[in-house]
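Here is my note on this model, point by point. Please keep the structure open as you read.

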Amino acid sequence: MIAERARIVGIAGGRMTLEPLGSACATCGSVKSCGTAKVGKLLPSGQRRLVLPAVAGRRVGEEIELTLPESALLAAAAAAYLPPLVGLIAGVVIGGSGNGGPIGAALGLALGFLAARALARTLAGRFQPVPLGRPVSAHVIPIEKE
């Protein structure tokens, strides 16, 4: 299981809004030599929020633990990376040698990206983190109203 802490910032209509606390990159010992951490610095660092089914008895401001099975992460990675790779290879094979190879590769890659996007939308519900019922912290941190 992959676990991450999050703070509850809102509860309404049987759903709760969560803000993940920290980043796995911040706690990893390889952050200085990791390519993923360097790419992460280039991306917007705005607060990300998740909306998940509410857990009974939880209050706004509490920290809870979210879990995601490793199999879901592996399946999400396969859904993102395999279709473009297969499309690229199939495009090269179908395009043949000469000028057709690069054109076939580009078309196959584009179709692979479209297939990956469709597959991600289809499987999105299976890759949701699961909030555990127990709070991580014993105290409630007040949340300012926006």
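1. Start with a pair of facing residues. Arg 7 has Glu 63 as its bridge partner in β4. Strands (E, at least two residues) and helices (H or I, at least four) are DSSP runs, numbered from the N terminus. Two strands pair if DSSP finds at least two bridges between them.

2. A word on the source. This is a predicted model, in which local features need pLDDT of at least 70 and side-chain atom pairs count only at pLDDT 80 or more, while totals for chains, interfaces and linings use all residues. Residues are numbered from 1 along each chain as its sequence is written, and side-chain values use heavy atoms, with hydrogens and water left out.

3. Now the strand pairing. β1 and β4 run antiparallel and are joined by six bridges. Arg 5 also has a bridge partner in β4, namely Glu 65. β1 and β2 run antiparallel too, again with six bridges. Arg 7 stands opposite Glu 19 in β2. β1 and β2 form a hairpin with two residues between them. In that turn, Gly 13 has a positive phi of about 60°.

4. Is Glu 63 buried or exposed? Glu 63 sits in strand β4. Its relative accessible area is 6%, so it is buried. Buried means under 20% relative accessible area, exposed over 50%, and partly exposed in between (1.4 Å probe, protein chains only). The side chain of Glu 63 makes a polar contact of 2.3 Å with that of Arg 5. Another, of 2.9 Å, joins the side chains of Glu 63 and Arg 7. A polar contact is a pair of N or O atoms within 3.5 Å; within protein, one must be able to donate a hydrogen and the other to accept it, and residues adjacent in sequence count only if both atoms are side-chain atoms.

5. Stay with β4. Five of its six residues are buried. Thr 67 lies in this strand. Thr 67 counts as buried because its relative accessibility is 10%.

6. Next, the cores. The largest nonpolar core has eight residues: Ala 6, Ile 8, Met 16, Leu 18, Leu 52, Val 55, Ile 64 and Leu 66. β1 (2-12), β2 (15-20) and β4 (63-68) each give two or more residues to this core. Another core, of five residues, lies apart from it and includes Leu 68, Ala 72, Ala 79 and Leu 123. A nonpolar core is a set of buried Ala, Val, Leu, Ile, Met, Phe, Trp, Tyr and Cys residues joined through side-chain atoms within 4.5 Å.

7. Look along helix α3 (residues 70-95). Its buried residues are Ala 72, Ala 79, Pro 83, Pro 84, Gly 87 and Gly 91. They pack against β4 and α4 (100-123). Just after α3, Gly 96 takes a positive phi of about 75°.

8. Last, Gly 104 in helix α4. Which residues does Gly 104 contact, leaving aside its neighbours within four places in sequence? They are Gly 91 and Val 92. Contact means heavy atoms within 4.5 Å. Gly 104 counts as buried, because its relative accessibility is 13%.
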